[in-house]
Amino acid sequence: MTPFVFLRLLGVVYLIAFLSLYPQVAHLIGEHGILPAADYLRYLRRTIGARAYYSAPTLLWLNAGGAFMKALCAAGAALSIAVTSGFTKPPLLAALWVLYLSLFTAGQVFLSYQWDVLLLESGFLAIFLPLWPGAVVWLFRWLLFRLMFLSGTAKLLSGDPAWRNLTALCFHYETQPLPNRLSWYMHQLPAWFQKLSTLFMFFVELAAPFLYFGPRPLRLWAAGATILLQTLIQLTGNYTFFNLLSMALCVFLPMRTSFDADGGIFTAGHAVVLVLAMLIAVVSTCRLWITFTGRTIPKPLSELLSALAPFPIVNNYGLFAVMTTERWEIIIEGSQDGVNWREYEFKYKPGDIHRAPCFVAPHQPRLDWQMWFAALSPYYNVWFVNFIVLLLQGSPSAQSFLRHSSLAGADPPKYIRALLYQYQFTDAKTKMATGAWWKRSLLGEYLPPLTLSQNIYGREDLPQENPVLSA
């Protein structure tokens, strides 16, 4: 019964993932998008030849248009509903995995998150679950162990003092990529509570995982602790389906397992699972060895890891290994004359200091997430420059990520610039007096004023492969 429950939960997670991607995938990587997948695949084909088809396994080799991408999302959603309804045969699960792998591969930086690879690793194992549940359950427990334990050790191995002195949560709620309203309230709690919360997190991530392999009462206790931690993270941040999938993996912990083959007969399906288990054991051990020792592995094993790299079926994990202690936000502004500037508001990320942080999970607005990373690096990320070009061209793809109120009645700007601000949560007294959730201070210019100086293709309707900008 437990494997059946998990597969239904996995179907729900797949459904969330595909439905979240559907409205934004074409604007992100479609032919008129920020990072067109067609250009990416064409570049791979030009640089590494036929090996590109193996290095980038995706159905978008057949068609990299936005309409086809949305069709893949729609097909994935339909299959997800079928799995949720109880149709859990391996071919159906394999089809779901291939669809998400196709979007993941072509998604480039926009689908590079740990929950994406966690879904692919979980989805891959799920294909084999009906073949030999008693054995695959242990592979899922090993996955959950690596997810939690590596998340804890990554924080310690990074050497970040905020984790080591237990002050990380004094910053986390304010500086995480997409806070929500509860994040503001959690940030107001005293430092001693934040330190106790950090201790609890370390206990769940570093100690509880070893109980996943213990007697059933201990596994039940570890499952409860893990689910509690994931629930708290889900309530106080917007982490798409990550916490839901992590909690779904916990359903395997109470299950009583047996390696006995069904009816005492060892079938071809059992042989396939046995080979899979040996492969996962070897690859995950190699990854753990590299992580904890920093040493190289023998060449045959290194070649095995390289061969499997395009298929994220055994991954490393570790969110927020280094805690950001200040929140920097990029505020993009447009102007017709280079003198009077107008701010563009994104739908979800902080901007207007009076707008409350929003609950958006399980949806993931992937450009809003990338803007958080962009603020920590120089502006010359390819995707960021391309986004600026699309804004200057008045592209519907670029405008789809912005609040309509910031575009009302506005023609495409002649100039674009971006300023960098430090954002901080207000305290309770300030919020009561002003209604502001945030306070901000200008740090400086992030992107100098730019304009389109030349259209090298003579067209105004399409983003260009090599747009020419001038300051």
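Biologist: Which helices each supply at least two residues of the nonpolar patch?
Modeller: Helix H11 (181-187) and helix H13 (216-235) do. Keep in mind that this is a predicted model.

Biologist: Which residues make the patch?
Modeller: Leu-182, Tyr-185, Leu-228, Leu-232, Leu-235 and Phe-359 make a nonpolar surface patch of about 570 Å². H13 gives the largest share, three residues.

Biologist: Where is Phe-359?
Modeller: Phe-359 lies in the loop between strand S2 (342-343) and helix H17 (366-374).

Biologist: Buried or exposed, that Phe-359?
Modeller: Phe-359 counts as exposed because its relative accessibility is 51%, and the cut-off for exposed is over 50%.

Biologist: Changing topic. How many salt bridges does the structure hold?
Modeller: Nine salt bridges. One of them joins the side chains of Glu-121 and Arg-146, at 2.3 Å from N to O. This pair links distant parts of the chain, with Glu-121 in helix H7 (residues 114-128) and Arg-146 in helix H8 (residues 133-157), 25 residues apart.

Biologist: Are Glu-121 and Arg-146 buried or exposed?
Modeller: Glu-121 is buried, at a relative accessible area of 1%. Arg-146 is buried too, at 3%.

Biologist: And what does Lys-155 meet in a salt bridge?
Modeller: The side chain of Glu-205, at 3.3 Å from N to O. Glu-205 sits in helix H12 (residues 191-211) and Lys-155 in helix H8, 50 residues apart, so the pair links distant parts of the chain. Glu-205 has a relative accessible area of 7% and is buried; Lys-155, at 4%, is buried as well.

Biologist: Which residue forms a salt bridge with Lys-349?
Modeller: Glu-329 does, with the closest N and O atoms 2.8 Å apart. Here too distant parts of the chain are linked: Glu-329 is in strand S1 (residues 327-335), Lys-349 is in the loop between S2 and H17, and they are 20 residues apart. Both residues, Glu-329 and Lys-349, are buried.

Biologist: Which residues do salt bridges that share partners join into one network?
Modeller: Arg-327, Glu-329 and Lys-349.

Biologist: Is Cys-73 buried or exposed?
Modeller: Cys-73 counts as buried because its relative accessibility is 1%, and buried means under 20%.

Biologist: What about Cys-286, buried or exposed?
Modeller: Cys-286 is buried, with a relative accessible area of 6%.

Notes: Residues are numbered from 1 along each chain as its sequence is written. This is a predicted model: local features need pLDDT of at least 70, side-chain atom pairs count only at pLDDT 80 or more; totals for chains, interfaces and linings use all residues. Side-chain values use heavy atoms; hydrogens and water are left out. Buried means under 20% relative accessible area, exposed over 50%, partly exposed in between (1.4 Å probe, protein chains only). Patches are made of residues with over 30% relative accessible area and no salt bridge: like charges are joined within 9 Å, nonpolar side chains (Val, Leu, Ile, Met, Phe, Trp, Tyr) within 5 Å. Accessible areas come from the Shrake-Rupley method with a 1.4 Å probe; for residues, only the protein chains shown count as cover. A salt bridge is a side-chain nitrogen of Lys or Arg within 4 Å of a carboxyl oxygen of Asp or Glu. Helices (H or I, at least four residues) and strands (E, at least two) are DSSP runs, numbered from the N terminus.
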